[in-house]
Amino acid sequence: MAVERGILSGMDFQPVERASEAFQQSLTAEEIGKVCRRAFGDAATPVSAVELGAGMYNNVYRVSLAGRARPVILRVAPDEGRQFRSERHLMRNEYGSVPWLAVIASLMPQVLAADWSHEVIDRDWMIQTHLDGVPAPEHLGTYPRAAWPAFFRQMGAIARSVHDVRGTHFGPVSGPGYGTWSEAVITSLEEIAADLDGAGLDAADVRKVAVVAAHDRAVLDEVTEPGLLTGDLWTVNVMLDAGAAEPTITGVLDMDRTWWGDPAADWTIRMALAKQDERVAFWEAYGERDRSPAAAWRSLVYEVRHLGAVRLERHRLGNAAGVKNTYDAVAAVLAELS
């Protein structure tokens with residue numbers, strides 16, 4: 001899709017240029033103006049809109065409006081026809097998660113407006129406050145590695161506070177809800193497999209794990225209390241204080257994949273375990289993890305769920321080599337499960 005650049009209708013518009021077949025497609029300057037008027041009234045005048053290119057799912061814009069001292073963040077979901085069934089309505093899920101994330105409300109942007117009606121543009125959108133700070137991937141490396149454990153301890157504390165929140169069902173926060181953890185996990189694996197089918201990718205390995213999980217669902221159902229999972233929290237979704245003497249987390253972003261379930265199934269836990277380096281400090285704040293044989297078996301099932309989602313994302317990004325690598329990784333997990 002062709003996109004406008006430069007000064008249009010009095011607004012400095014800077015979209016990210018993408019191919020017409022790309023998953024993410026920018027709004028037009030006119031559409032951004034319509035969204036702002038829906039959110040803030042007919043007199044709302046966007047002065048500039050800069051698309052931020054770090055995200056890989058939603059389109060995200062930093063918008064400055066006349067008469068407002070601070071910019072706002074406009075996030076626009078993909079067209080519904082482009083969304084995988086396993087990633088359906090993630091923005092709505094994040095919106096429904098806000099009251100449950102009160103424990104970290106001081107770190108999160110506030111929602112100023114949200115619209116699922118598709119009356120203004122034919123996509124879901126949400127406007128949030130702009131968080132101060134610098135993205136952790138850009139700023140953490142400016143500190144000596146000896147300072148990095150402080151960052152990971154903060155990550156552990158944030159994850160622990162979220163995981164301690166309890167819900168009443170398993171599965172995505174905004175639903176559908178499931179009465180057992182096994183039902184939520186198996187359904188998720190089956191949805192990912194269906195998405196892989198739809199993308200023309202082999203899903204046999206993911207389905208094999210779904211069958212294994214169903215056969216031994218009693219092990220999954222040892223998890224009886226739904227904890228709140230962040231879904232996607234790691235360094236890419238964290239902001240740091242620009243001038244602090246040591247890495248200091250000031251913001252947490254993009255909590256759209258929240259789930260109710262076993263905290264050990266969270267992406268955050270996977271990433272904390274991925275390397276034995278400075279991130280071991282994560283556990284100093286988070287606390288001890290379950291090392292029982294049952295927990296180890298469940299973690300293998302969770303890993304395939306993560307790998308299935310990674311496979312879909314890499315396919316969406318056109319990373320054929322990365323897609324291929326996921327098959328070897330799932331095969332290794334299947335060898336441990338069998």
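The model is predicted, so local features need pLDDT of at least 70, side-chain atom pairs count only at pLDDT 80 or more, and totals for chains, interfaces and linings use all residues. Residues are numbered from 1 along each chain as its sequence is written, and side-chain values use heavy atoms, without hydrogens or water.

The protein chain averages a pLDDT (the predictor's confidence in each residue, from 0 to 100) of 95. Of the residues, 97% score at least 70. Over residues 1-8 the pLDDT is below 50. Where pLDDT is low, the predicted coordinates should not be read in detail.

The largest nonpolar core has 35 residues. Such a core is a set of buried Ala, Val, Leu, Ile, Met, Phe, Trp, Tyr and Cys residues joined through side-chain atoms within 4.5 Å; buried means under 20% relative accessible area, with a 1.4 Å probe and protein chains only. Phe-151 and Trp-234 are among the residues that touch the most other members. Helix α4 (148-163) gives the most to this core, with seven residues. Helices are DSSP runs of H or I, at least four residues, and strands are runs of E, at least two, numbered from the N terminus. Apart from this core lies another, of 34 residues, including Ala-193 and Leu-300.

An open sheet of three strands has the order β9-β13-β10, with antiparallel pairing. Two strands pair if DSSP finds at least two bridges between them. β9 (171-172) and β10 (227-229) stand at the edges with a single partner strand each, so one side of each lacks a neighbour in the sheet. β9 and β13 (residues 259-261) pair over two bridges. Pro-172 has Trp-259 in β13 as its bridge partner.

Notes
Contact means heavy atoms within 4.5 Å. Buried means under 20% relative accessible area, exposed over 50%, partly exposed in between (1.4 Å probe, protein chains only).
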